[in-house]
Amino acid sequence: MFSSFFKSKKWAFWAYGGLLVIIISLIFQTRLNVAINDWYKDFYDIMQNVKEHSVDEFWEQIYRFLLIAMPYVIIATITTFFASHWVFRWREAMTFGYLNKWRECEYDIEGSSQRMQEDVYRFAKITETLGLQVLKALMILIAFIPVLWGLSSGVDLPYLRDIPGSLVWIALAVSIGGLIVSWFVGIKLPKLEYNIQKSEAAFRKELVYAEDDKINYASFESVLSLFTGLRFNYYRLFLHYGYFNVWLISFSQFMVIVPFIIMGNGLFSGVITLGVLIQVSNAFSQVRSSFSVFIDNWTTITELRSIHKRLDEFEKNIKFN
């Protein structure tokens, strides 16, 4: 999965050069994110005290926001476009790396063609989406932890006000706690996803054979049997995702109000302004969501784990057969 791209001389330029380009572009996006966070303070301080400011200052802040936001849009778009090409090269390296060994393999594992085509495609696609989010999360943590640490001086709650960087520690604590709970609540999901992929492969194989021989394949009884197994696995998955989503959505909604709970006293006691409160809310959200990148993408990670398991089985089969 990795050696065919990252250990190949043919793909070295794309593998490492492309990764460097993506990292640099994410660094620029993060710097713009920090600039927008600073903009929140100035803009909402004007909104809090409109009588002390002119409408010209309001429009200056709008113009300032556009100067930050538009480059962000352009860089983010280019990054996504380039990452898609980078990941497709990875898929190409994996596909042809598998192909030579697969052609020499005497005994095929279940769903070999599907694993080499669909699973490789899905692995590359999820890696693109999730990989970009993880890299971006790391950049945001590097940039925003110092910001949130400094803003912690505005906390006006007993005990918390005496802890340096209290907002950072709270963001870390709730993210780790959420990750642990998510692990236990969703512990059965990867196995269920794996079972579904096996059932889908068997069902698809029967239909593909029937394209050339409808007499011996895809009879009503065989299709009903395969589809019944597929339905059973899906219904189990839906059930387990049901209670997992209750937890995940509840956690996400509660996190919206956490910074306001922590900083609310400071606003009413005059320790902070409305602009600082909004700035804290945004910075806390950035840090907390970066710490929680795996929680927020748990469904995607579950799918990736099941795909990795299937590809790992495929690799072992073509390597030792």
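User: Where does E206 sit?
Analyst: E206 is in helix α6, which covers residues 189–212. Keep in mind that this is a predicted model.

User: Buried or exposed, and how far away is the nearest side chain of opposite charge?
Analyst: E206 is buried and has no salt bridge. The nearest oppositely charged side chain is K205, at 8.2 Å.

User: What does E206 touch, then, leaving out residues up to four places away in sequence?
Analyst: With those left out, E206 touches Y217, A218, S222 and L226.

User: OK, salt bridges. How many turn up in the whole structure?
Analyst: The search finds 3 salt bridges.

User: Which side chain does K41 pair with?
Analyst: K41 meets D45 in a salt bridge, 3.3 Å from N to O. Both residues are in helix α2 (residues 12–48), 4 residues apart, or about one turn of the helix.

User: What about R161?
Analyst: R161 and D156 meet through their side chains in a salt bridge, 3.2 Å from N to O. R161 counts as partly exposed, with 42% relative accessibility.

User: Switching to backbone: what's the phi of Y159?
Analyst: Y159 has a positive phi of about 75°, although it isn't a glycine. Most residues other than glycine have a negative phi.

User: Where is Y159, and is it buried or exposed?
Analyst: Y159 is in the loop between α4 (112–151) and α5 (166–185). It counts as exposed because its relative accessibility is 71%.

User: Which residues does UniProt list as transmembrane region?
Analyst: The unreviewed UniProt entry lists 12–32, 62–88, 130–151, 163–185 and 267–284.

User: How much helix is in 62–88 and in 163–185?
Analyst: Residues 62–88 are 100% helix, with end C-alpha atoms 39 Å apart. Residues 163–185 are 87% helix and 0% strand, and their end C-alpha atoms lie 32 Å apart.

User: Last one: where's G229, and how far is it from F82?
Analyst: G229 lies in helix α7 (residues 220–269). The C-alpha atoms of G229 and F82 are separated by 40 Å, and the two are 147 residues apart along the chain.

Technical notes
Residues numbered from 1 in each chain as written. Predicted model: local features only at pLDDT ≥ 70, side-chain atom pairs only at ≥ 80, totals over all residues. Heavy atoms only, no water. Helix = DSSP H or I, 4+ residues; strand = E, 2+ residues; numbered from the N terminus. Buried < 20%, exposed > 50% of the residue type's maximum accessible area, 1.4 Å probe, protein only. Lys, Arg positive; Asp, Glu negative; His and termini not counted. Salt bridge = Lys/Arg side-chain N within 4 Å of Asp/Glu carboxyl O. Contact = heavy atoms within 4.5 Å. UniProt positions renumbered as here; feature names shortened; annotations may be inferred.
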